[in-house]
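Please look through the structure shown here and follow the report below, which moves from one chain as a whole to its parts and then to the place where two chains meet.

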Amino acid sequence: MSDANRLSVFKTYKLYVGGKFPRSESGRVYEVTDSKGKWLANAPLSSRKDARDAVVAARKAFGGWAGATAYNRGQILYRVAEMLEGRKGQFVHEVADAEGLSRNKAAVLVEAAIDRWVWYAGWTDKIAQVTGGANPVAGPYFNLSTPEPTGVVTVLAPQDSSFLGLVSVIAPVIATGNTAVVVASERAPLPALSLGEVLATSDLPGGVVNILSGKASEMGPHLAAHQDVNAIDLTGASDDDLARELEIAAADNLKRVLRRRTEDFAESPGTDRMTAFLETKTVWHPTGSLGASGSSY
Amino acid sequence: MASAFEYAPAPESRSVVDIAPSYGLFIDGEFVDAAGGKVFKTVSPSTEEVLSEVARAGAEDVDRAVRAARKAFEKWSALPGSERAKYLFRIARIIQERSRELAVLETLDNGKPIKETRDADLPLVAAHFFYYAGWADKLDHAGHGANPRPLGVAGQVIPWNFPLLMLAWKIAPALATGNTVVLKPAETTPLSALFFADICRQAGLPKGVVNILPGYGDAGAALVEHPDVNKVAFTGSTAVGKAIARSVAGTDKKLTLELGGKGANIVFDDAPIDQAVEGIVNGIFFNQGQVCCAGSRLLVQESVQDELLDALKRRLSTLRLGDPLDKNTDIGAINSSEQLARITTLVEQGEAEGAERWSPACELPSSGYWFAPTLFTGVTQAHTIARDEIFGPVLSVLSFRTPDEAVAKANNSQYGLSAGIWTEKGSRILAVANKLRAGVVWANTFNKFDPTSPFGGYKESGFGREGGRHGLEAYLDV
């Protein structure tokens, strides 16, 4: 029997960067409250430097993650779902607080989020066959197109859907081999910071997903202008002006931009969120017939 | 030029093409004057002869063309795909019928050798329309969902290096998917697009479905920024591509960009040297090197560098530069005096930064815009000529020792459009191809194109793909 008089232990919520759990280098925190304004925790108020550190970590992780077999990535994404299932209670609690929902309604969202990891886990080794393939060129050439991850993707996570939305924007980015720098919902960052703890125990290599709490309006411009970021998802940009400003900054190194749009994360996702951050590589090689003396190209 | 063989001139006849002294804009099925009454001259780069005077579109004309395209969109997008397909098949067939005429026209207006317009540009143009014609009634099965919808009016801005081929790459998928088009050809090469307007007329294409607006950058900017354009497709420089990306920011316009490149052509020590030399020559001297996917950086393994360079220089000495209409010509004219000045500046910079310049003995014609095939040795990655796109017949040679070094150097670029690999070892081809950050990788070949094969870049070479099933996505609301 739990003791009603026992003083509970609060959690210090920390960032998730490069597989570690640092505080913000700035030493700043901000108050996170529930939907009724009750204090929940102090979350790190990440700085530009934290964002840059996260990009470095994501870049460092990219080669290994993009080079992992699709099967291996699928195993790890599935492992994330397994870990989440075991900590479902914690996430239901956090989502209920964050979004002002009953336990039951929060549980529906958390379960949907877990199922979404499973959905994307299954995609890792199928997307190449769906989006790539042999091209029947008019000549004696082997010609094959394959999708490849675009690189480091900045993800501005949805502001409202603190967990299902969060998962719905992270999983498709990493399923295909990209690495991510995620800016969590400013108002409701706790489920995101806790997700970091799950990812850290799911065999996901450090740096594949980096989670920052703070203001999209503060970190967004730096990440959108960062020359070592290849793409940006503007889903969580708080308004049209910010989204436009970030899209303009992103043009400096021609980042791939996924624009803001209204989205119901409860609906079954298509493949768009994966293909938005995929490149297509096409390789040609002569076939020719083998002559008496060997190859003939 | 000094050559192993002397060739008698073998000029293709100009009489197959009839260029009018003046052309209008093609809006809503009619050739019309520009609203502001402005015109510009288009010249033949090989002689500086004025070929024709062409109406110059301004913002008012852009607006008129976009309105015509919008009006046409309703009916065009509602046509059964099978009907749109038949229009495109008609266009493909008419291009085939008129291909000699168009090849000569393109050579005159662009300066590239007739050998290339006849054997590469025109066959690919017809093939592209033929390919996308077949998609028009099969879009449900293209992997973009059931009943994918067109976007609306497509504003398309194309470059001068492959004028008609870039038009085909833009217009064929746009029409197949049910969009209507306003296209601006480059100011130095407007003619083949205007002849294409006539082909649309012959094919009976409904008015306003295709509108052609010859003009300069101001017309391109007005088109890209027009509020009633739903889709922007641009092929050209990375600098302009970035400006376009900024200008469509915050709108719903779908954007695809096919921009610059600095392609690495990697030759390993086990490569078949003679084939590699042919591939290197094709990679950088095809179309005078005015190709976004040119293999403008040669990365050669140290142990075969001397042997390869000797063979390459021997081969360059046999290239014939001169009259683009001569069927024996390998190297034609540079497209414009501006481009020639840009190439000259970058080459001078290459010398100033300490790289060693070499060209075969080569006599340049006295009129027109010409640049001798040039190669630089002693180039480091820090040199401007190893980093910036020259867009001319200039090859920068760098060396490497290990495959990892080759990959690192190849990927050390803001661009990521093309790359080449020359080796007899299959596993090395696949391993290196896998690590190259480039949209097109040619192994033991170079500069091959096909309408079924998606083309486009990584990084600052742009985004989106043209060609193949992938090319449909750029014009569908998916």
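In this predicted model, residues 24 or more positions apart account for 73% of the contacts in chain B with a separation of 6 or more. Chain B holds 15 helices and 18 strands, and its radius of gyration is 22 Å, close to the 23 Å that the globule rule gives for 478 residues, so chain B is as compact as a globular protein of that length. Taken along the principal axes, the box filled by the C-alpha atoms of chain B is roughly 65 × 50 × 35 Å, and 60% of the 478 residues of this chain count as buried.

The domain assignment divides chain B into domain 1, which covers 14-259 + 458-473, and domain 2, which covers 264-443. The C-alpha centres of these two domains of chain B lie 30 Å apart, and the contact between them takes 23 residues from domain 1 and 26 residues from domain 2. On the side of domain 1 of chain B that touches domain 2, the helices α3 (99-110) and α4 (114-135) of chain B each supply at least two residues.

Chain B also meets chain A, with 31 residues of chain B in contact with 27 residues of chain A. The elements that give two or more residues to the side of chain B that touches chain A are α8 (238-247), α14 (426-435), β17 (440-443) and β18 (462-463) of chain B.

Which strands, and in what order, make up the open sheet of ten strands? The order is β3(A)-β4(A)-β10(A)-β17(B)-β16(B)-β11(B)-β12(B)-β15(B)-β14(B)-β13(B), and the pairing is mixed. At the edges stand β3 (133-134) of chain A and β13 (356-358) of chain B, each of which pairs on one side only. Between the chains, strand β10 (residues 278-286) of chain A pairs with β17(B) in the parallel sense over three bridges, and here Val283(A) stands opposite Val441(B). Within chain B, strand β11 (residues 264-267) runs parallel to strand β16 (residues 418-422), to which four bridges join it; one residue of this pairing is Asn265(B), whose bridge partner in β16(B) is Gly420(B).

Chain A has a further open sheet, in which five strands follow the order β7-β6-β5-β8-β9 with parallel pairing. Strands β7 (209-212) and β9 (256-258) of chain A stand at the edges with a single partner strand each, so one side of each is left without a neighbour in the sheet. From one strand to the next, the twist averages 15°. In this sheet, strand β5 (residues 152-156) of chain A and strand β6 (residues 179-183) of chain A pair in the parallel sense over five bridges, and Val153(A) has Ala180(A) in β6(A) as its bridge partner.

Two helices can be followed against these strands. Helix α7 (residues 190-200) of chain A lies across β6 and β7 of chain A and runs at about 155° to β7(A). Helix α8 (residues 216-225) of chain A packs on the sheet, where it touches β5, β6, β7 and β8 (231-233) of chain A, and the direction of this helix makes about 150° with that of β6(A).

Terms used
Residues are numbered from 1 along each chain as its sequence is written. Chains are lettered from A and ligands numbered from 1 in the order in which they are written. This is a predicted model: local features need pLDDT of at least 70, side-chain atom pairs count only at pLDDT 80 or more; totals for chains, interfaces and linings use all residues. Two strands pair if DSSP finds at least two bridges between them. Axes are lines fitted to C-alpha atoms, for helices over the stretch in contact, and angles run from 0 to 180 degrees between N-to-C directions. Two residues are in contact if their C-beta atoms, placed from the backbone, lie within 7 Å. The radius of gyration is taken over C-alpha atoms; the globule rule is 2.2 Å times the number of residues to the power 0.38. A residue is buried if 20 or more other C-beta atoms lie within 10 Å of its own, exposed if 12 or fewer, and partly exposed in between; C-beta atoms are placed from the backbone. Domain bounds come from an automatic or database domain assignment.
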